[in-house]
Amino acid sequence: MTVAEALVECLERENVKVVFGYPGGAILPVYDALYHSTKIKHVLVRHEQGAVHAADGYARVTGGVGVCIATSGPGATNLVTGIANAYMDSVPIVLFTGQVPTMQIGTDAFQEVDIFGITIPITKHNYLLKDPQKLPVVVKNAFHIASTGRPGPVLIDIPKDVAQATISFKYPSTVKLRGYRPTYKGHPSKIKEIAKLISKAKRPVIYAGGGILASNASDELLKFAEAISAPVTNTFMGLAGFPGDHPLFLGMLGLHGTRYANLAVTECDLLIGLGARFDDRVVMNINSFAPNATVIHVDIDPAEIGKVVTTNVPLVGDVKLILEELLPLLEKIDRSVWLERIEALKAQYPLSFNRKNGLKPQFIIEQLWNCTRGDAIIVTDVGQHQMWVAQYYHFKKPRTLISSGGLGCMGFGLPAAIGASMGSPGSNVILVTGDGSIQMTMQELGTMMEQGLSVKIIIMNNSALGMVRQLQQFYCQGRYMATNFSFHPDFEILAKAYGIAGYTFRTEEDVIKGLPEALQKPGPAIINCIVPSEENVLPMVLAGKGISEAMDCE
């Protein structure tokens with residue numbers, strides 16, 4: 001068979017059901033081979049960035065590997081933002097790009113770009129396939145690398161002449177990669193040491209990140225928190241890893257985290273970091289971060305441990321397996337005094353907002369929670385709306401928040417919602433976006449309709465790039481440069497142009513009456529919510545301040 005035909009066979013052997021892509025000349029042999037597949041559904045997006053974000057959303061909601069395909073040159077470079085996004089958020093994706101024929105590489109041929117070189121810093125691994133016979137091994141390795149250890153994107157660049165070459169096909173049953181052996185089991189002595197530290201701690205806090213979701217450790221985290229009577233705070237990427245309505249939940253930590261989460265970490269004597277990387281949105285001022293705490297850091301990536309915060313007890317391994325080993329060693333300890341302090345902080349510093357002067361985004365998210373009670377997959381774009389979702393929506397089940405964390409990529413939301421909807425058929429998929437973000441990839445409404453998906457889209461329409469405007473208010477003395485839209489489309493009319501149900505909400509009464517109707521009505525919907533441009537995301541930790549010094553809610 002040809003390499004292109006072998007590639008399709010490899011994908012079928014890896015149990016790939018859906019690929020997202022956009023064809024072109026250099027990748028044509030692969031598309032010709034896909035034509036004959038009865039096992040793989042190809043989703044034609046409207047832009048290659050949509051393909052990689054859709055594969056990303058698909059991977060996050062399923063826990064499997066997302067797959068996307070693009071041609072050479074602009075097709076490949078249009079993937080770059082999405083690859084970086086998956087790399088930053090540790091999402092397993094395998095990407096296939098077409099390349100000019102081998103003899104033309106380096107000649108500036110039509111639609112030639114060195115995508116191999118471009119993506120070295122933003123992929124977990126990548127390949128330029130020059131030997132046709134190595135295709136099966138390379139694909140097997142790519143799926144293994146993408147999905148094991150700390151997950152991430154892997155790219156395979158295939159020259160057109162290689163795709164057309166004939167090989168003797170044999171798919172390997174095992175993977176042999178020298179030097180690549182992720183550590184899964186934690187060191188027994190370190191696990192015992194952690195158990196002893198927990199038994200002595202009076203004010204422990206569990207700080208849980210996206211690694212909880214990547215390792216499917218949500219159940220173990222819940223058992224662990226209840227066993228040691230310790231409150232849990234999540235990073236943004238860790239949200240949905242612990243029930244948002246649980247008494248031990250503190251909410252999100254850091255820049256726009258709850259005041260009580262930030263103060264609990266400031267006051268704790270033991271900080272147990274699980275699958276989190278102590279990033280700059282959380283630590284803020286390193287000198288005042290958890291100043292009284294012994295720090296435990298459990299992560300599958302040894303490069304993350306000690307990178308930002310000095311770690312007293314480092315432990316490399318899979319957080320699920322480590323918690324399973326740790327649970328039998330734990331003692332039941334009365335921490336009622338600490339938990340009473342936590343409840344007092346919650347009562348003193350609740351999340352709140354002023355309901356005067358227009359329809360407030362926070363109110364919309366509260367009503368969204370009331371309508372769904374966690375029985376939905378919430379996808380967001382990036383900006384103020386994203387933080388309001390993190391603050392006011394109480395995620396109850398794993399893999400029900402799909403969002404761009406590390407890269408903060410506007411335009412992620414709509415294609416990711418498409419991928420999530422395809423990865424979880426029948427689920428209630430709701431996209432919360434902004435009028436800025438939706439306009440970056442709104443062409444994918446065509447993809448959504450073509451695939452018959454019933455995604456509900458809530459647009460926080462404040463006629464501004466809200467988060468940048470907020471930063472200009474605090475750091476540029478209110479000099480609002482290039483953050484206000486003097487024109488954008490009427491989103492309700494746009495919905496009708498695509499054959500989608502459209503709504504416009506301007507008041508709380510509109511939301512109370514119309515949101516349940518829009519969410520329950522079969523088919524997709526665009527819900528255009530007119531909100532004040534001056535509304536800010538609070539709490540907020542200003543630059544240079546510690547997390548205990550956050551600006552409080554209004």
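1. Main core. The largest nonpolar core has 67 residues, and I206, F224 and L274 have the most contacts inside it. A nonpolar core here is a set of buried Ala, Val, Leu, Ile, Met, Phe, Trp, Tyr and Cys residues joined through side-chain atoms within 4.5 Å. Buried means under 20% relative accessible area, exposed means over 50%, and partly exposed lies in between (1.4 Å probe, protein chains only). Leaving aside neighbours within four places in sequence, I206 is in contact with L221, F224, A225, I228, A230, P231, V232, T233, I272 and L274. Contact means heavy atoms within 4.5 Å. Another core, of 49 residues, lies apart from the largest one; A54, L95, A416 and L445 are among its members.

2. Basis. This is a predicted model, in which local features need pLDDT of at least 70 and side-chain atom pairs count only at pLDDT 80 or more, while totals for chains, interfaces and linings use all residues. Residues are numbered from 1 along each chain as its sequence is written, and side-chain values use heavy atoms, with hydrogens and water left out.

3. Helix 11 against helix 14. Helices (H or I, at least four residues) and strands (E, at least two) are DSSP runs, numbered from the N terminus. Helix 11 (residues 218-228) packs on helix 14 (residues 319-326) at about 35 degrees, and their axes are 9 Å apart. Axes are lines fitted to C-alpha atoms, for helices over the stretch in contact, and angles run from 0 to 180 degrees between N-to-C directions. The crossing is left-handed. That term applies if the near helix is turned anticlockwise from the far one by less than a right angle; clockwise gives right-handed. Helix 11 contributes E220, L221 and F224, which meet K320, L323, E324 and L326 of helix 14. By class, this contact has four nonpolar, no polar and three charged residues. Ala, Val, Leu, Ile, Met, Phe, Trp, Tyr, Cys and Pro count as nonpolar, Asp, Glu, Lys and Arg as charged, and the others, Gly among them, as polar.

4. Helix 12 against helix 15. Here the angle is about 145 degrees, between helix 12 (residues 259-267) and helix 15 (residues 336-348), with the axes 9 Å apart. Their crossing is right-handed. Y260, L263, A264 and E267 in helix 12 meet W338, R341, I342, L345 and K346 in helix 15. Six of the residues in this contact are nonpolar, none polar and three charged.

5. Helix 5 and its cover. Helix 5 (residues 80-88) has G82, I83, A84, N85 and A86 as its buried residues. Their cover includes helix 3 (48-62), strand 4 (93-99) and strand 6 (153-159). After helix 5 comes S90, with a positive phi near 55 degrees.

6. I156. This residue lies in strand 6. I156 counts as buried because its relative accessibility is 0%. Beyond residues up to four places away in sequence, I156 touches V94, L95, F96, T97, Y127, V138, V139 and A142. I156 and V61 are 95 residues apart in sequence and 23 Å apart in space, C-alpha to C-alpha.

7. Cysteines. The structure holds zero disulfides (a disulfide being a pair of cysteine sulfur atoms within 2.5 Å). C529 is buried, at 1% relative accessibility. C476 is partly exposed, at 27%.

8. Backbone points to check. Most residues other than glycine have a negative phi, and most peptide bonds are trans. N216 is not a glycine, yet has a positive phi of about 55 degrees. N216 sits in the loop between helix 10 (211-214) and helix 11, and is partly exposed at 47% relative accessibility. R399, also not a glycine, has a positive phi of about 60 degrees. The loop holding R399 runs between helix 17 (384-392) and strand 14 (401-402). At 18% relative accessibility, R399 counts as buried. L538 and P539 are joined by a cis peptide bond, with omega about 0 degrees. P539 lies in the segment after strand 18 (525-530).

9. P121. The loop between helix 6 (115-118) and strand 5 (125-128) contains P121. P121 is exposed, with a relative accessible area of 55%.
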